[in-house]
Amino acid sequence: MKTIPTFYYLMGLLSLALALPSCIQDTCEATTTFQAYEPVYVKPADFRHATEFEAPRDLENPGKIYVYQDMLLINERGAGIHLIDNSNPEAPQPFGFLNIPGNVDMAVRGNMIYADNYVDLVAIDITNPSSPVFAGRTEEAIPSHSFDAEMGYLVRYEEVPMTEEVDCDSYTGNSFWRDGTLFVDVAAGGVAQDFANESAGQAQDVGVGGSMARFTLAQDHLYVVDEHRLHVFGLSATPEPEKINVVDIGWGIETIFPYGDKLFIGAADGMYIFDNSVPTAPEQLSVFRHATACDPVFVDGNIAYVTLRNGTECETFTNQLDVVDVTNLTDPVLIKSFSMHNPHGLSKLNNALYICENKQGVKIFDATDPATVGNEQIGKMTGFQAYDIITLQGGLAIVIGEDGLYQYDITNPEAPRRLSNLLSL
Amino acid sequence: MVKHVTTWTFAAFSAIVLLLPGIGKAQQATESTFQPGWAHEVHYGSLIGSSDSEIQAGASLQYIGTYRIKRYLGIGGGIGAQSYQFNSGYSYFPFWAVCKLYDPSQTGVQPYLQLAAGYGAALNRRDDETLLVDAKGGFNAHGALGLEVPIRQELCLLLSLGYQFQAAQSTFDHFGWWWGDRQTTQEWKFRRIQLQVGVKF
């Protein structure tokens, strides 16, 4: 019996201890990590000068690619353009590097490069590619977020990783200003003013861009899309482009692809189709809506191929290929969707569809039947990260990605043969 | 409402546990003889506590095997499953070393003190629905006072009142078109009352 009081004593102590709220209170300490975006301003005097041509430099952060005759242009993100003699794809030789601060895209027509230089467009004559000549500048051709008299143009936001303590049950999604830093994700609605692209079949004096381009040439005009608008530039009067029209489109505009007298514009919420029979005044015909995603477009005949992908800037979990019948341009119809890994740029040559699948390289599909194309993989290019691709008549595929430039002989798309790999110049 | 239910449950459980020693008096005549050997226990219980002034109720299921090396001492180990919130990222598989102390003078209904310490491994490492991207477990321990009530030979009813602790970490993604992507890591220390019933065989 003498142990019963002991038990009661222990039980009493335990009950008392448990009755104390702090003893049965869960505690939680939470930290949240996110990207803050600090505004980057550039003063006009720092970039408004004649473009400099420098010795070749290595590819460090390659972006868009562009093909003009036997020349290959590779954008170095935010820094300029590598000019490369690609007359022998098995041994491309660098001409040099065009130092263009803020550059992300380009297009070429009649030996003239049109490239973005932050908010300006510059024209550079490459009649002699070993010695390009600065030809002119269109100031404020591409709108900036803002201009500050002291600091200059706000041209982009730089990512800054941040960590802060938060309440465990607090809503962690907020945007706010702090000490001049915008704590939001503006990657999807970013500030980059980029360019380029041209579909196959253009005149000989116009180059070919990839499907990721924001910039294209068509019918003697230069078209540039920013996040919301389509800018139309005339090219005939002077070396420097002259802005002649701006067309509001919507939001999340990402790519532009010309086909005949039509413009296909990839946006976060769909593919917009514009009639461009009057080049100075493109007119929207229709929009093919899809899930929110990043979506390069390639059009061949009556079929549009649209890749949707996820990622930080794309705000979705969708990774697929949409095949769309655009026979009736005012009423595009989805033929079928196919699941993909993480599709980026794409191109089509003859009956083969080439899709950049990020770390999985390039996948090649038999596109004879649009209704089954995504199920008919016939080949692949692997061993590198693939961002965008250009295919050329004659059987050449040019692929760009984080790992540099790769060129393949695709005479037989079932067995592509690597011709060269370029990272060091 | 939840608070009232929890309070009454706690009170009723405490009353039962506290009254049972009295019942044990009637059984003291059946003097048991001590023999070393294995005993197996299965417990089910609730994990009651609070978080930010809100009552939290979880659940636990556990198996404990002890070897009775002395009349007053059994040692062994156990495994279990515990959920502190019924969402992904807050459930664990604990495993413990266990020590169980008995009052050697008691026969019939046996009061005991059970102590266990070990590690609780996270059950879900990822969950696309809740955007859980990582979960880690941590130190897990509990102590309980209980009673073994003989039902028949080699079968006892177990009732216990104890205290449960689990350290853990859960990381979630947050996606947002406007506010951007974030990743939040929560460092938890769960402290709960553990009310359990079980059987020993």
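# Exercises on a predicted two-chain model

In chain B, residues 24 or more positions apart account for 61% of the contacts (heavy atoms within 4.5 Å) with a separation of 6 or more. The model is predicted, so local features need pLDDT of at least 70 and side-chain atom pairs count only at pLDDT 80 or more, while totals for chains, interfaces and linings use all residues. Residues are numbered from 1 along each chain as its sequence is written, chains are lettered from A and ligands numbered from 1 in the order in which they are written, and side-chain values use heavy atoms, with hydrogens and water left out.

## Exercise 1. The strands of chain B

Determine which elements make up chain B and how β2(B) pairs with β1(B) and β3(B).

Solution. 

Step 1. Helices (H or I, at least four residues) and strands (E, at least two) are DSSP runs, numbered from the N terminus. Chain B has 1 helix and 9 strands, and from the N terminus on the order is α-β-β-β-β-β-β-β-β-β. Of its 201 residues, 52% count as buried (under 20% relative accessible area; exposed is over 50%, and partly exposed in between; 1.4 Å probe, protein chains only).

Step 2. Two strands pair if DSSP finds at least two bridges between them. Strand β1 (residues 37-51) and strand β2 (residues 54-70) of chain B run antiparallel and are joined by 15 bridges. Within this pairing, Y44(B) has L61(B) as its bridge partner in β2(B).

Step 3. The two strands form a hairpin with 2 residues between them, and D52(B) in the turn has a positive phi of about 55°.

Step 4. β2(B) also pairs with β3(B), in the antiparallel sense, over 11 bridges. Here the partner of K70(B) in β3(B) is L73(B). β2(B) and β3(B) likewise form a hairpin with 2 residues between them.

## Exercise 2. Aromatic rings

Classify the ring pairs F384(A)–Y408(A) and Y90(B)–F172(B), and locate their members.

Solution. 

Step 1. A pair of aromatic rings is described by the distance of the centres and the angle of the planes. Rings of Phe, Tyr and Trp (its six-membered ring) pair if their centres lie within 6.5 Å; planes under 30 degrees apart count as stacked, over 60 as edge-to-face and the rest as tilted. By this rule the count is 17 aromatic pairs over all chains.

Step 2. The ring centres of F384(A) and Y408(A) are 6.2 Å apart and the planes stand at 35°, so this pair is tilted. It links distant parts of the chain, 24 residues apart: F384(A) is in the loop between β31 (377-381) and β32 (388-392) of chain A, and Y408(A) is in strand β34 of chain A. Both F384(A) and Y408(A) are buried.

Step 3. For Y90(B) and F172(B), the centres are 6.2 Å apart and the planes at 35°, so this pair is tilted. Y90(B) lies in the loop between β3 (73-83) and β4 (91-102) of chain B and F172(B) in strand β8 (residues 155-174), 82 residues apart. With relative accessible area at 6%, Y90(B) is buried; F172(B), at 11%, is buried.

Step 4. Y90(B) and F172(B) belong to one aromatic cluster with Y84(B), Y92(B), W188(B) and F190(B).
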